[in-house]
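Look over the sequence and the model below before reading on. The paragraphs that follow walk through the structure step by step.

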Amino acid sequence: MANKNQHILDELEFFRAQSGIPFYALQINAPWGAGKTYFIKTYLDELQRQSKTDDPKSLYISLFGAQNISDLEKQATAQLFSKTGRTVGYLLSTALAGAGSVFGAGDAAKGIANDVGAKALAERLELIRDGLIIFDDIERSQMPLRDALGYINRFVEHEKFRVVVVSNEAAFKRSDASNLDKENATVLASFKEKLIGRTLLFQADPIAAYPFFVEALAAPEAREIAKREQEAALNVFWASGRENLRLLRIGIEAFGRFMLLLDPVYRDRVDGLKSIFLSCIYVSLELGSAISEKPLINPYAVSTGRNSYVIRKQDTQPTEEEQQANSIVERYDSALSLSAPTLPFKLIYDYIAHGQFSCEEINLALSISPLTGKPENVPPWRHLIEIWELDTETLLRETKRAVEKLEKHQVRDAGELLQLAGIMLWREEHGDNTLSIGLKPSDFIKKYIDELHVLGSGLEPGFEHTSLNRLTAYGYQAIGAEAHEEELVLILDLIRSSMMRTARQRFPEYRAALIDALVREDRNLHMISDQNKALGDYLRLPILAEAEVDEFSNLLLREGGLDHAALDWLTDDRYGLGRDLMAIKSELPWLKALCGRLLERIATATPPLNSFWKVQVERKLGGAIERLELLQAKPAPVNGL
């Protein structure tokens, strides 16, 4: 699988291999939690391993919390000595702190010529001449940024070392930035012109980081589940819209902690444990930005789009809390069950946020959960629909109303039909086939859908219901006896097939809308789904499977140039971050054909086109093709349950 940050590795290797004296520093920039510190430390560890010596070949200096230059020099001095000599290094750096900078401009170290320690430090410093000096966390420094950058510049301009600055520039520009942060942003901009040769953008790579997070889990059962559910876990991560791998790791570790403390009787309830695992990741990701805990713990209850009990005055705008809940539901609804989690989010929140862990409460919750509790403790079809909790008179009245709607073929919403199918199965258990007019529920649903298509109609695409990992109808969990699993899967397949049949008729329309969005001058490619909700829904389906290859190659190669932004959207947004690749894997032949056509045009164009474009197309489209090929090789998952 392609390394999303291979360009940085290549640049670091080129930077180190330069024969001349470096005259600039490199900058690696990314948001907090993206994994840039782990990335650069792993790189330095590999360089040290290849050197086959304890003598340092590079320096790593963190500005996190540093009050002054002396704090930085203590870190550097300690690293310049072998493992057995680091205590000496700390003592030397402390002793020299008052005598002047150990790593000052020009011959500062030699200037303390009579000091044996200074001579030793100067000699040790030469060991890293061919290595790198890393300055990390410049946005977290407690000293004036001008002083810190001036110190770094001395290594570049005067001492001629190869320096890499690791940062999160966005921290200086966030909406709640202080006046000092804003001032530091200006300072950094002025220093970059002289100090930084190239700024390399680091991308969070959850696919690469995930196995390392999982291997750190102490409970073998937790590791097994986390490995098996990698795709589902990353779908939750991508649904969050964040790039903070640290939060992903916190969620994975929280699940490992739960597994160690759960009653052993629940450790073989695979579906329930999967639900808990995904819930831990969700809570961790949202906890990092939650305004209040209420939307996080029960988003369906707060969301105005899902809570049917909220009576609002006309034109009343949702509150900030409701807006947050709406956002949570919209982002996560296709990645995990927000309406009926196996373990209440409040219990997971209490542990991750406050370290509170009540074994009694957790095990009680699991004992009555459909995915973990004993069958005799769980009401049949718990959480499917509220109507079952009403009195018999209401049940009969609502059943009659549903039969009338079905007879008139007025049920065209996928979620509503799925909900009614659940009622049919539940009533069948009690010898009542009124709703399905005496037929098996699956036979009735098939007959009903066939009649819709004969009438020239069909089920309206209800995209939020097509990719859930459990059978769901309007947020009510459909979990029942094992005897119904086969029929549930069949019903879900029938509904999805009808939705897709209706949707395919509109694919050309939405392909045209997509092309228009990609070529607009005022485009914001990362906001396509937000700007056109209907198009965003259809992008979750394989609308490109039968697209014209030449039409898209003309889009990407136009006006004498390669549209890098459109290419990035195609390879990263569509076939990378936050997309249900299983749902669009049938686009693989089209994607291969597009790649081949682009490479052909680049190779045969007159006048010749930029040869670097060939590298870009091969690397980016090749990575997307590789991801889809991996999915093609995997067996299709069982739908619904």
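Is Glu123 buried or exposed? Glu123 is exposed, because its relative accessible area is 59%. Here buried means under 20% relative accessible area, exposed means over 50%, and partly exposed is in between, with a 1.4 Å probe and protein chains only. Glu123 lies in helix 5, residues 116-125. Helices (H or I, at least four residues) and strands (E, at least two) are DSSP runs, numbered from the N terminus. The C-alpha atom of Glu123 is 9.4 Å from that of Leu80, and the two residues are 43 apart along the chain.

A word on the source. This is a predicted model, where local features need pLDDT of at least 70 and side-chain atom pairs count only at pLDDT 80 or more, while totals for chains, interfaces and linings use all residues. Residues are numbered from 1 along each chain as its sequence is written, and side-chain values use heavy atoms, with hydrogens and water left out.

Now the whole protein. The protein has 29 helices and nine strands. Of its 641 residues, 48% count as buried. Contact means heavy atoms within 4.5 Å. Of the contacts with a separation of 6 or more, 74% join residues 24 or more positions apart.

Next, two loops with a positive phi. Most residues other than glycine have a negative phi, and most peptide bonds are trans. Lys52 has a positive phi, near 55 degrees, and is not a glycine. Lys52 is found in the loop between helix 2 (36-51) and strand 2 (59-62). Lys52 counts as exposed because its relative accessibility is 77%. Ile437 also has a positive phi, of about 45 degrees, although it is not a glycine. The loop that holds Ile437 runs between helix 19 (414-429) and helix 20 (441-454). Ile437 is partly exposed, with a relative accessible area of 47%.

Ser141 sits in another loop, between strand 3 (133-136) and helix 6 (145-158). Ser141 is buried, since its relative accessible area is 14%. Its side chain reaches the backbone nitrogen of Met143 at 3.1 Å. Leaving aside residues up to four places away in sequence, Ser141 touches Leu63, Gly65 and Ala66.

Turn to helix 16, residues 345-354. Why is helix 16 largely enclosed by the rest of the structure? Seven of its 10 residues are buried, so the rest of the structure largely encloses helix 16. The buried residues are Phe345, Leu347, Ile348, Tyr349, Asp350, Tyr351 and Ile352. Gly355 follows helix 16, and its phi is positive, near 75 degrees.

Helices also meet each other. The axes of helix 11 (residues 245-261) and helix 12 (residues 270-287) come within 8 Å and cross at roughly 140 degrees. Axes are lines fitted to C-alpha atoms, for helices over the stretch in contact, and angles run from 0 to 180 degrees between N-to-C directions. Helix 11 and helix 12 are therefore oblique to each other. Angles under 35 degrees count as roughly parallel, over 145 as roughly antiparallel, 65 to 115 as roughly perpendicular and the rest as oblique. The crossing of helix 11 and helix 12 is right-handed. That word means the near helix is turned clockwise from the far one by less than a right angle; anticlockwise is left-handed. Residues making the contact include Leu247, Leu248 and Phe255 of helix 11, and Leu273, Ile276 and Cys280 of helix 12.

A second pair is helix 25 (residues 549-556) and helix 28 (residues 588-604), whose axes come within 9 Å and cross at roughly 50 degrees. These two, helix 25 and helix 28, are therefore oblique to each other. Helix 25 passes helix 28 in a right-handed crossing. Among the residues that meet are Val549 and Phe552 in helix 25, and Trp590 and Leu594 in helix 28.

The peptide bond from Thr606 to Pro607 is cis, with omega near -5 degrees.

Last, the cysteines. How many disulfides does a search of the whole structure find? The search finds zero. A disulfide here is a pair of cysteine sulfur atoms within 2.5 Å. Cys359 is partly exposed, at 33% relative accessibility. Cys595 counts as buried, at 9%.

Notes
Polar contact = N/O pair within 3.5 Å; in protein donor to acceptor, adjacent residues only side chain to side chain.
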